[in-house]
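Subject: Structure handover

Hello,

My notes on it follow directly after.

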Amino acid sequence: MKKVLTAAQLKATDEFTIDHEPIKSIDLMERASQCFVQSFMELFPNKCAVLVLVGPGNNGGDGLAIGRLLHMQGYAIQVASLPDMNFSKDVQVNRARLGFPMKSLNEYESFESFDVIIDALFGSGLSRPIEGQYKIVIESVNAANKTVVAVDLPSGLIPDRVQEGAAIIRATHTLTFQSPKLTFLIPETGGYCGEVQVLDIGLDLGFIERLACHYYVIEASDVQLAARKKFAHKGRFGHVQLFAGSKGKMGAAVLCTKAALLSGAGLATTHIPARGESIVQISVPEAMVVLDDHQDIITNGQLLPKTNAICIGPGIGKDRQTTAWLHTFLAEANLPMVLDADALHILASHQELLSLVAGKAILTPHLGELERLLGPTKNGIERLEGSLALAAAYDLIILIKGAHSSVVTPAGDVYFNSTGNAGMAKGGSGDVLAGLIAGFLAQGFSREEATIKAVYLHGAAGDSAKKDLGEYSIMASDLLERIPQAICNVSLASFI
């Protein structure tokens with residue numbers, strides 16, 4: 001896991017590194033700038049025309065060092081600031097080292113002559129909205145529609161909270177130092193960052209390890225699966241029971257069941273409305289099927305012996321008979337379970353059911369479903385806070401689905417996914433994810449482990465589909481086709 005550090009923690013890590021490496025602050029700034037330049041040159045190998053915008057603080061000092069280093073590499077560099085700025089001590093040193101004149105931002109009527117703008121106006125120390133001349137500069141940069149690379153984070157973005165309506169640079173790329181920032185992972189602010197790359201600038205890893213942290217980013221090493229025993233049999237890999245589908249929504253049952261089996265579960269039994277028998281039996285011949293007494297909806301599903309995990313919800317609808325059945329079933333079922341889609345809608349409308357699933361459920365809402373559970377929220381940080389409270393109150397795992405799907409635990413931790421893309425925003429993708437989670441649950445992984453593994457692999461399958469198909473044409477069935485390779489990739493990454 002990669003820790004998501006707060007602005008205060010990053011500042012403390014800087015100070016500890018300076019004191020204990022030991023290294024002077026100006027030399028640490030140089031090291032960070034060298035890391036930035038190396039990545040910048042990989043992004044833009046052609047010696048393009050670059051404007052570096054610098055501010056008064058340490059982010060501006062980074063910008064001055066970056067301008068000097070890129071100039072030495074043959075890039076056509078101009079460095080500009082607002083006139084009469086009061087530079088910090090390290091910024092003054094880097095200004096003296098620049099080797100060519102700085103320009104005033106007031107000289108530029110437009111930015112048309114530049115290929116790339118480097119934003120080094122404000123960094124992670126910002127704590128209030130940007131006003132005055134700097135706000136005008138940010139608005140001008142955004143209006144220019146140029147490629148913008150932010151140093152550490154886009155100017156105007158505050159690492160730990162959301163500002164509505166603030167002036168914020170809209171970056172194409174963000175090359176951030178040592179740790180991703182929370183606002184990179186929140187829908188309302190993450191869109192300002194473009195493509196994010198985290199640069200290791202050599203801050204003290206031992207100090208970072210000791211920092212108390214509740215936000216993390218999932219990495220491939222967190223998802224690896226062990227090789228299977230040679231003489232194992234299907235009974236060793238778990239039996240998952242799924243309740244899915246209704247008239248017109250049998251595809252959800254198919255997608256969910258296939259995903260459960262692709263996770264590695266040994267057996268899958270899907271309870272469906274009677275009318276869907278041929279659809280599921282033909283589409284997923286590897287699965288067993290139990291038919292409901294009702295032709296079109298689920299009304300009387302029973303827990304089977306030797307079941308290890310349950311998935312309820314994809315395509316089941318919200319009929320009153322289905323709702324009544326769910327009340328009865330949840331009161332009796334005492335196994336780890338995934339509640340998805342229509343099951344979440346029923347849960348939101350009948351919140352007395354929360355006490356029945358306490359300690360055993362994983363909820364997998366998208367943003368609309370989450371708001372039905374929590375009530376209205378203003379932004380992603382409020383949604384996280386509400387989800388953390390709900391998870392703690394009922395001992396739940398909550399997976400908030402989105403661009404950086406977040407796994408919220410009752411212990412107060414949040415794990416953000418690092419895979420996936422916008423092409424996965426299609427009907428059926430959530431059914432695949434629910435089946436994957438349930439399949440890992442059946443194999444004996446904890447609720448937290450199963451959810452983390454599934455969401456990462458689901459996104460990795462989506463990223464593979466994007467490479468082959470582009471973002472527009474990905475369908476949920478394309479994810480199914482690529483899950484085996486996603487599992488192989490992480491299993492083989494560094495498994496001993």
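Ala341 counts as buried because its relative accessibility is 17%, where buried means under 20% relative accessible area, exposed over 50% and partly exposed in between, with a 1.4 Å probe and protein chains only. The residue sits in the loop between β14 (337-339) and α11 (342-349); helices (H or I, at least four residues) and strands (E, at least two) are DSSP runs, numbered from the N terminus. Leaving out residues up to four places away in sequence, Ala341 touches Gly313, Pro314 and Glu369, a contact being heavy atoms within 4.5 Å. Ile158 is 183 residues from Ala341 along the chain, and their C-alpha atoms are 34 Å apart.

Two points on the source. This is a predicted model, in which local features need pLDDT of at least 70 and side-chain atom pairs count only at pLDDT 80 or more, while totals for chains, interfaces and linings use all residues. Residues are numbered from 1 along each chain as its sequence is written, and side-chain values use heavy atoms, with hydrogens and water left out.

Ser406 belongs to strand β17 (residues 406-408). With 4% relative accessibility, Ser406 also counts as buried. Beyond residues up to four places away in sequence, Ser406 touches Leu384, Ile398, Leu399, Ile400, Val414, Tyr415 and Phe416.

Helix α16 (residues 447-469) has 23 residues and spans 32 Å from its first C-alpha to its last. That is close to the 33 Å expected at 1.5 Å a residue, the expected span being 1.5 Å times one less than the number of residues. Gly470 follows α16 and has a positive phi, near 80 degrees.

For the chain as a whole, there are 17 helices and 18 strands. Its radius of gyration is 26 Å, close to the 23 Å that the globule rule gives for 496 residues, so the chain is as compact as a globular protein of that length. The radius is taken over C-alpha atoms, and the rule is 2.2 Å times the number of residues to the power 0.38. Along the principal axes, the C-alpha atoms fill a box of roughly 80 × 50 × 40 Å.

Of the 496 residues, 56% are buried. Among contacts between residues at least 6 apart in sequence, 72% join residues at least 24 apart. The accessible surface comes to about 21100 Å², of which 51% belongs to carbon and sulfur atoms; areas come from the Shrake-Rupley method with a 1.4 Å probe, and for residues only the protein chains shown count as cover.

Regards
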